[in-house]
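Take a moment to turn the model around before you start.

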Amino acid sequence: MGDTIRRNMPLFPIGIVKKLTELSARQIRYYEEHELIHPARTSGNQRLFSFNDVDRLLEIKSLIEQGVYVSGIKQVFMLKEQAIEAELIKTQEQKSEQKNLTNREFRKHLKKELMMAGRHGKASLIQGELSRFFH
């Protein structure tokens, strides 16, 4: 089980979260109403919070203490999410570029094979097939 899965598992009831964050149940529900957190619900409609939810509540608490309003906190979280998305896109582009480099290297290798084919008195079966790629 990966760390990401563990951190997102809903484990803590609101009573534990209140102790961990030193927030009131009303504050926690208020942040949920404003869609700053999204705790899971049991079949009995009880909120269950993950480690990530607790971290987010602590971050909200810190921002509130610094004088940031809920609308500002929403903006902060939105900007963070955009930065994460941009990083994911960048990573995907880098992986794609690495794949292209791999294809280029493969092509270079095949060209070398073509040039070496027929040397040392040996004819190559792939020489005719490869030559069509390098005109």
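**How two helices cross**

H2 passes H4 in a right-handed crossing, where right-handed means the near helix is turned clockwise from the far one by less than a right angle, and left-handed means anticlockwise. This is a predicted model, in which local features need pLDDT of at least 70, side-chain atom pairs count only at pLDDT 80 or more, and totals for chains, interfaces and linings use all residues. Residues are numbered from 1 along each chain as its sequence is written, and side-chain values use heavy atoms, with hydrogens and water left out.

**The H2 and H4 pair**

- Helix H2 covers residues 14-21 and helix H4 covers residues 51-65; they pack at an angle of about 45°, with axes 10 Å apart. Axes are lines fitted to C-alpha atoms, for helices over the stretch in contact, and angles run from 0 to 180 degrees between N-to-C directions.
- That angle makes H2 oblique to H4 (under 35 degrees is roughly parallel, over 145 roughly antiparallel, 65 to 115 roughly perpendicular, and the rest oblique).
- On the H2 side, Val17, Leu20 and Thr21 meet Val54, Leu57, Leu58 and Lys61 of H4; contact means heavy atoms within 4.5 Å.
- Sorted by class, this contact of H2 with H4 has 5 nonpolar, 1 polar and 1 charged residues. Ala, Val, Leu, Ile, Met, Phe, Trp, Tyr, Cys and Pro count as nonpolar, Asp, Glu, Lys and Arg as charged, and the others, Gly among them, as polar.

**The whole protein**

- There are 6 helices and 2 strands, running α-α-α-β-β-α-α-α from the N terminus on. Helices (H or I, at least four residues) and strands (E, at least two) are DSSP runs, numbered from the N terminus.
- Of the 135 residues, 20% count as buried (buried is under 20% relative accessible area, exposed over 50%, partly exposed in between, with a 1.4 Å probe and protein chains only).
- Among contacts with a separation of 6 or more, 51% join residues 24 or more positions apart.

- Glu35 lies in the loop between helix H3 (25-33) and strand S1 (40-41). Glu35 has a positive phi of about 60° although it is not a glycine, and it is exposed, with a relative accessible area of 60%.
- Asn45 sits in the loop between S1 and strand S2 (47-48). Asn45 is not a glycine either, yet has a positive phi of about 70°; at 52% relative accessibility, Asn45 counts as exposed.
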